[in-house]
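Dear colleague,

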Amino acid sequence: MLADALEHLVRGIVDSPDDVDVRPKSGRRAETLEVRVHPDDLGRVIGRQGRTAKALRTVIGALADGGPVRIDVVDTDRRTR
């Protein structure tokens, strides 16, 4: 449920909603949701000074009913610079 909610929120932010992929992973401390987006949309998901990512974490944390949840925005751009 949390992964679906996060995917819905992220799809509304990005320019390439078909490239959004949210994968739940279980960890020792908390459930982790990995967010993968098109490399051009990475800045949109993170936001200025991380404000958008922080807002996404706040909303998903409120939906989690007090259980710990981590959200990782994964950089999928593998080009060498």
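Helix 1 and helix 3 pack with their axes 10 Å apart and at an angle of about 150° (axes being lines fitted to C-alpha atoms over the stretch in contact, with angles from 0 to 180 degrees between N-to-C directions), which makes helix 1 roughly antiparallel to helix 3, a term for angles over 145 degrees. The contact, meaning heavy atoms within 4.5 Å, is made by Leu 2, Ala 5, Leu 6, Leu 9, Val 10 and Ile 13 of helix 1 together with Thr 52, Leu 56, Val 59, Ile 60 and Leu 63 of helix 3.

Please note that this is a predicted model, in which local features need pLDDT of at least 70 and side-chain atom pairs count only at pLDDT 80 or more, while totals for chains, interfaces and linings use all residues. Residues are numbered from 1 along each chain as its sequence is written, and side-chain values use heavy atoms, with hydrogens and water left out.

The structure also holds 1 cavity of 30 Å³ or more, a cavity being a set of points on a 1 Å grid over the protein atoms alone where a 1.4 Å probe fits but cannot get out. Lining the largest cavity, with an atom within 4 Å of a point, are Leu 6, Val 10, Val 35, Val 45, Ala 53, Leu 56, Arg 57, Ile 71 and Val 73. Helix 3 gives the most to this lining, with 3 residues.

With kind regards

Methods: On a 1 Å grid over the protein atoms alone, a cavity is a set of points where a 1.4 Å probe fits but cannot get out, and a pocket is an open set with protein on both sides within 12 Å along at least five of seven lines; lining residues have an atom within 4 Å of a point. Grid points are joined across faces, edges and corners, and a volume is the space filled by probe spheres set on the points. Helices (H or I, at least four residues) and strands (E, at least two) are DSSP runs, numbered from the N terminus. Angles under 35 degrees count as roughly parallel, over 145 as roughly antiparallel, 65 to 115 as roughly perpendicular and the rest as oblique.
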